[in-house]
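Q: Could you take me through the surroundings of the ligand, step by step? I am new to this structure.

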Amino acid sequence: MTDFQSVFGAAPEGVWAAPGRVNLIGEHTDYNDGFVLPVALPHSAVAAVRRRDDGLLRLYSAQGDGLVTELKAAELDPAAVTGWARYPAGVVWALREAGHPVGGLDVHIDSDVPTGAGLSSSAALECVLAAACNELYGLGLTPAELALTAQRAENDFVGVPCGVMDQMASMCCAEGGALFLDTRDLAQRQVPLDLAGAGLRLLVVDTRVKHDLGDGAYAGLRAGCERAAALLDLPALRDLPPAALDGALVQLPAELRPLVRHVVTENARVEQAVALLDAGDLAGLGPVLTAGHASLRDDYRVSCPETDLAVATAVAAGALGARMTGGGFGGSVLALVAAARLEQVAAAVLDAFAEAGHTTPRVFPAVPSAGARRLS
Ligand code: GAF
């Protein structure tokens with residue numbers, strides 16, 4: 001790769017890619033041991049990598065400031081690394097913490113996953129390096145083991161208490177499908193998602209309202225769910241069946257009830273969505289998405305005016321359904337749209353944002369793409 005060559009003065013040993021994702025349904029369920037249904041985006045982090053024998057970890061981002069971040073692989077300290085370099089450095093740290101013999105590396109990363117858009121740009125950075133280290137150092141880890149290592153990097157090096165959905169999506173999604181994942185035991189199944197065959201498109205609207213999962217709000221929601229499960233004497237909210245929801249809610253303090261209602265109904269929506277896809281009823285997914293958005297807006301309260309506007313406008317312009325995707329507090333919306341109405345829905349959203357005085361959103365169709373892989 002020419003860029004690697006110009007930065008590091010030699011050819012890389014290999015080039016790997018790991019994608020961002022959109023989550024069809026199953027939001028804020030992963031840290032409750034629940035179900036998720038993400039799709040990998042064509043947008044990826046691409047890493048050209050070469051081992052070094054002096055223990056130095058040298059990191060360069062094509063989206064960065066033009067400087068190489070130089071660290072010692074054996075002395076990585078979360079407090080001493082800032083910005084995007086925390087993600088790849090965290091992966092080397094997590095692999096070494098787990099006893100894997102990962103040493104020095106030259107790494108050139110180029111990513112087109114929008115950042116701060118709820119599309120898992122950080123998981124893509126982590127997973128691409130995990131995949132590269134796995135091969136270059138012959139670690140023999142499975143994609144799920146690499147995803148768990150990447151999650152550890154984000155939890156304990158970057159300091160964001162995320163669940164495992166984004167890393168599993170980036171490692172394990174397959175082209176043309178959605179990943180039905182049970183986050184309790186990581187049981188997974190690729191569910192075919194032939195949007196084109198059904199005359200449908202998945203439109204992503206990046207509202208450009210940047211979200212930061214490290215700012216405390218996400219951790220607060222997670223803590224609320226864990227407190228509710230403890231009060232109900234359950235291992236996790238996943239263990240509360242929908243039929244027992246009403247009885248459980250009256251046992252909880254008022255502020256925890258909407259959180260629990262969201263998680264229980266959202267898990268049911270994932271199962272409903274998978275049943276619809278298995279039955280070939282892709283259009284039937286629309287109302288499930290819109291119901292999921294109402295739950296995130298009214299119960300979980302992680303929506304914002306821009307995501308609400310994008311959802312309402314898309315549905316009013318003819319989308320079969322729409323909802324915010326990812327952690328929330330901004331980020332992106334996905335809309336399920338008949339192919340013939342794609343332009344109309346996209347134009348309506350752009351007009352509505354202009355009229356409301358919001359920043360122009362970035363709008364693009366999402367094609368279900370492959371998970372992490374070696375490119376050369
Ligand atoms: C973020 C987190 F990283 C995921 O683990 C998940 O909790 C998601 O928000 C909400 O579903 O993307």
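A: Let's begin with a term: a polar contact is a pair of N or O atoms within 3.5 Å; within protein, one must be able to donate a hydrogen and the other to accept it, and residues adjacent in sequence count only if both atoms are side-chain atoms. This is a predicted model, where local features need pLDDT of at least 70, side-chain atom pairs count only at pLDDT 80 or more, and totals for chains, interfaces and linings use all residues. Residues are numbered from 1 along each chain as its sequence is written, and side-chain values use heavy atoms, with hydrogens and water left out.

Now to the contacts. Asp30 has a polar side-chain atom 2.5 Å from an oxygen atom of the ligand, and for Tyr218 a polar side-chain atom lies 2.6 Å from a ligand oxygen atom. Gly327 takes part through a backbone N or O atom, 3.4 Å from an oxygen atom of the ligand. Of the 310 Å² of accessible area (Shrake-Rupley method, 1.4 Å probe) that the ligand has on its own, the protein covers 98%.

Around the ligand are 13 residues (a heavy atom within 4 Å), and the closest are Glu27, His28, Asp30, Asp166 and Tyr218. Sorted by class, this shell has five nonpolar, four polar and four charged residues; Ala, Val, Leu, Ile, Met, Phe, Trp, Tyr, Cys and Pro count as nonpolar, Asp, Glu, Lys and Arg as charged, and the others, Gly among them, as polar.
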